[in-house]
Amino acid sequence: MFEKVLIANRGEIALRIHRACREMGIKTVAIHSTADANAMHVKLADEAVCIGPATARDSYLNKAAIISAAIMTGADAIHPGYGFLSENAEFAEMVRAHGITFIGPEPEMIRLMGDKISAKKAAVEAGLPVIPGSDGEIKTSADAVTFANRIGYPVIVKATAGGGGKGMKVAHSESELVEAFELARKEAQNAFGNPAVYLEKYLQTPRHIEIQVLADNYGNIVHLGERDCSLQRNHQKILEETPSPALNPEQREQIGSVVVQAMKKLGYTNVGTVEFLYENGQFYFLEMNTRIQVEHPITEAVTGIDIVRDQIRISSGSVLGYRQEDIRFNGCAMDCRINAENPDTFLPQAGTIGQWHTPGGLDVRVDSEMYAGYTVPPYYDSLIAKLIVHGRTRNGVLMRLRRSLEEFVIEGIPTTIPVHQRIISNPEFIDGQYNIHWLENFLKKDKQNL
Ligand code: MV4
C-alpha cells in the first residue's frame, strides 16, 4: 500500500480523498494555489505545498509544479480527483515516468477515451450499443449531407475532442446541417485545436444514465449499478439519483453485465463511468469518464462500497476482493449539488460564509470543504457542497431531502438550495418523469411564475 498520496485537486473532492487516505493509514500531501491556503483539506493534510497563483493554469493545471511537489515530499502516488488533470494522458505519463503511481487508468486508456471517435470505435469493438452515426471523422459538408440523408434528420454534429457538450450542433434539415457543420468545425478548432467532427442521429428525449465500474489489475471487474444524471443545466449536473426511476432490476443487470464484458475486452482498469443515452428502452453509448466522478457518493450510499478507498487499493496493486454477486443495491439515494450561485440567475457569487450549519441524522451525508468564516474564492467551480441522502424508498428519500434542505444554514453567500427545494416538490419530478431537457424547461416555467 502507498505510504503517502499527493492530492492534486481542491474543494470537496480533495477533502474526500484526504478522508479515504486517513482511514487507510496513508499520509497526505495537499497542494494548493495562493487562493486556497485556508482550505479545510490543506489544514487537515500531513503536509501542504503551495504550487502557484490563483489561476488554475498556473497551479492546479501546472504539471511540472505538481510532480515537483510529489518528488519533494516523497509521495508515492498522485490522486487527480475530477476535472483539472484527471483525464490528461500526458500528465499520467509524466507521473509514471517519475516512478510515481497515477491513481487512475493507464495513460493509453485515458487517451483512447478522451478522443470521442476512438472511444466510440472502441465501444463498438467491445460490444457496447452506440448511436447510429458516421464511422469516423466527416471531413466535408457534402459528406455530412450524404450521410444525414442515409440516417435521416435530425442529426447532431459533435467534436471528437469535445465532451461535456462543447462543439455540438443539432441540424433538422440540409441547410441547417451545412451551417452546423462549418460552425462545429470552427468551434472545435478554436476550443480544442482539433477541427475533427463526426455525425450522429439526434435523440430527442433521452435520459442520461451512467454505469459505475471498478476494475483491478488482474481482470476482476464489477459494476455498481447506474446513476440517472438527466437533470442538467448548460451541461452541468444539478441533481443525480440512483436507481434510475426508468430502470427495473432486470434492465440494470442486463446493461451492467454488458458493460462489465466490454470493460474486460478493453482491458480497462481502475474506476470508470460509462455514459449512455437511454430512450425507448434502448441504451446508446455516449462517452466514458476515466476518473472518479462528482456524483459517486450516491452509488456509495446504495452499495455500501467506499469507491475512493477501493480506487486507491486497486491502484496500489491490491485485488478488488469482491465479485459481482457480492454487491447488493440497497434502497435509493439522491445528490443535490449546492453551488455558490444566485438561485434565479445562476451567476456564481464568491464571498465569506457567515453561519454554516449542515443537516444530519440517519442516511444524510454532506461532502463539503466549507466552514463558518471561510471565504469562497472567485477563481474556481462554484460547487460548495453535495448533500447526499439515502433511504429505503424513493419517497422516503424525497421526504428526508426536503427535511435536510430545510435544516441547511448557509449565510453570507447565495446558494442553489432554493432551486433544489423547487425541483423536489414538482409532481413530474416526484413521479420520476424527466429527461435531459426537463430541468431547463422547468427552470424557464419557474422563472415565469416568479
Ligand atoms: C447527444 C444528444 C442527442 N443525440 N447525442 C451532450 C453532452 C455530450 N456528452 C453529449 N450530449 C448529447 N449528445 C445524440 N446523438 C444529446 C446530448 C445532450 C445531453 C446529454 C446528456 C445530458 C444532457 C444533455 C443535454 C443536452 C444534450
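Which residue in β4 stands opposite Val-5? In the predicted model, in which residues are numbered from 1 along each chain as its sequence is written, local features need pLDDT of at least 70, side-chain atom pairs count only at pLDDT 80 or more, and totals for chains, interfaces and linings use all residues. Side-chain values rest on heavy atoms, with hydrogens and water left out.

The residue opposite Val-5 is Ala-77 in β4. Strands here are DSSP runs of E with at least two residues, and helices are runs of H or I with at least four, numbered from the N terminus. Strand β1 (residues 4-7) runs parallel to β4 (residues 77-79), joined by three bridges; pairing requires that DSSP finds at least two bridges between the strands. With β2 (residues 27-33), β1 pairs in the parallel sense over four bridges, and Val-5 stands opposite Thr-28 there. Helix α1 (residues 11-23) carries the chain from β1 to β2 in a right-handed β-α-β crossover, that is, clockwise from the first strand over the helix to the second with the strands pointing away from the viewer. Lys-4 and Leu-6 on one face of β1, and Val-5 and Ile-7 on the other, are buried (under 20% relative accessible area, 1.4 Å probe, protein chains only).

The largest nonpolar core comprises 38 residues, with Ile-384, Leu-387, Ile-423 and Phe-429 having the most contacts inside it. Such a core is a set of buried Ala, Val, Leu, Ile, Met, Phe, Trp, Tyr and Cys residues joined through side-chain atoms within 4.5 Å. Among the elements giving it two or more residues are β19 (383-391) and α13 (417-424). Another core, of 28 residues, lies apart from it and includes Phe-2 and Val-271.

How values were computed:
Buried < 20%, exposed > 50% of the residue type's maximum accessible area, 1.4 Å probe, protein only.
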